[in-house]
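Subject: Structure handover and findings

Dear colleague,

I am passing on the structure below, together with notes on its domains, sheets and pockets. Please read the notes with the sequence at hand.

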Amino acid sequence: MRKEIYITDYNCVTPLGFNVDANWNALVEGKSGVDLHKIIDNQDAFYASMIDSDKLNEEFNRFFDYTQNDIHNFTRLEKMLLLSLQPLVEKYTISEDTAFILSTTKGNISLLKNQSDLPQGVYLSKLAEKIADFFGFKTKPIVVSNACVSGVMAIAVAKNMIRAGKYKDAFVIAGDELSEFVISGFNSFQAIGSGPCKPYDKSRDGINIGEAAAAVYITSCHSDEGRISQNGKFRFKVLGDSAVNDANHISGPSRTGDGLYASIKSAMTEANVSAEQIDFISAHGTATLYNDEMEAIAFNRMDLQHIPLNSMKGYYGHCLGASGLLESIISMESALHSTLLPSKNFEETGVTQPLNIIKENKTADIKYILKTASGFGGCNAAVVLEKC
């Protein structure tokens, strides 16, 4: 009999709050973390979603003993990751069979600024080791870094490794921060939006970069422990997943949506769920011209054009390696609260294929969730979750 895999708990740290409840309440009220920020000297301010550093330090000091853990020993990103994982580690036992999985694209890339030598902390493996050692993980850390699909893929890696019997359970964390390096990179592609981003909208003109950290606990155990919501205790079953690279272009998505289409098809096939059964799609929705168009084509090829869909980028910006995991968490909250959140800033359809884009808070019974992601290099990923 196939081993069932469950997400039973989660947490997140974002510009909208330092826990899930704070984030959910802000989202229901339509609040966004996107605002004008000045990150690079001698350049104008631009729209991005950024965590207040003073509040981050206050929260970090509140959770961790300042005398034992000097705040200056940790980067901003490390503080975000530690805060996101701490509440989960307090609830669940870390054993010899517990996996630690980190999803990130750039990690501590900010350490490179003004450095003549390469700092050890800039290596993703060292970042993972530092976080894992802090909490006393006993297994070798696993790093998932595949552009912007990393967060979704990390869920899949945990699910498949537990199902294969390599681990009993897993803590998956994801995080990326705003940095001059990332901003300059997207600027070179002329992909930064002139205002708050508008996924799928006719007037969209680019992304807003964001930062966040997120964490989930994944297990095969039928435990009743876990996060308590207004609807009681929950489990979300990871039914199916897939990652497909169409190798279209180093930065441009496939014009036919081949990779995303194949990812969705494979994930839904494994999940044994039809297009009619999907209740909600948490899409990637970067608000760039080609990505949103590609997604619309892929969803239509899968006959998913009528399924309620949103992008969370208008609330959080594009959080890179954290986006897929963070958006999966918000999707599960939507299911628990039986509420569909609108795709913020969307007004008029700007893609050639029809999509059922959510425009306002709606009550809905959500059982099956499809979460998708796409990224540079032609990578695409999808995961199907079931509320139990």
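Which domains does the domain assignment of the protein chain give? The assignment, whose bounds come from an automatic or database domain assignment, gives domain 1 (6-219) and domain 2 (238-387).

Before going further, please note that this is a predicted model, in which local features need pLDDT of at least 70 and side-chain atom pairs count only at pLDDT 80 or more, while totals for chains, interfaces and linings use all residues. Residues are numbered from 1 along each chain as its sequence is written, and side-chain values use heavy atoms, with hydrogens and water left out.

The two domains have C-alpha centres that lie 20 Å apart, and 61 residues of domain 1 are in contact with 66 residues of domain 2, where contact means heavy atoms within 4.5 Å. Between them, domain 1 and domain 2 bury about 5000 Å², 68% of it on carbon and sulfur atoms; buried area is the accessible area (1.4 Å probe) that two parts lose on being put together, summed over both. On the domain 1 side, Trp-24, Tyr-200 and Arg-204 lose the most area to domain 2, together 19% of what that side buries.

As for the sheets, helices (H or I, at least four residues) and strands (E, at least two) are DSSP runs numbered from the N terminus, and two strands pair if DSSP finds at least two bridges between them.

The antiparallel pairing of β2 with β3 (residues 46-49) extends over 4 bridges, and the bridge partner of Asp-35 in β3 is Ala-48.

Turning to pockets, the search used a 1 Å grid over the protein atoms alone and a 1.4 Å probe, a pocket being an open set of points with protein on both sides within 12 Å along at least five of seven lines, and lining residues having an atom within 4 Å of a point. Grid points are joined across faces, edges and corners, and a volume is the space filled by probe spheres set on the points.

The largest pocket holds about 550 Å³ of space, and of the 30 residues that line it, Ser-251, Gly-252, Pro-253, Thr-288 and Phe-376 are the closest to its centre. The elements giving two or more residues to this lining are α8 (289-301), β17 (368-375) and β18 (379-387), of which α8 gives the most, with 4 residues. The lining of the largest pocket draws at least three residues from each of domain 1 and domain 2.

Best regards
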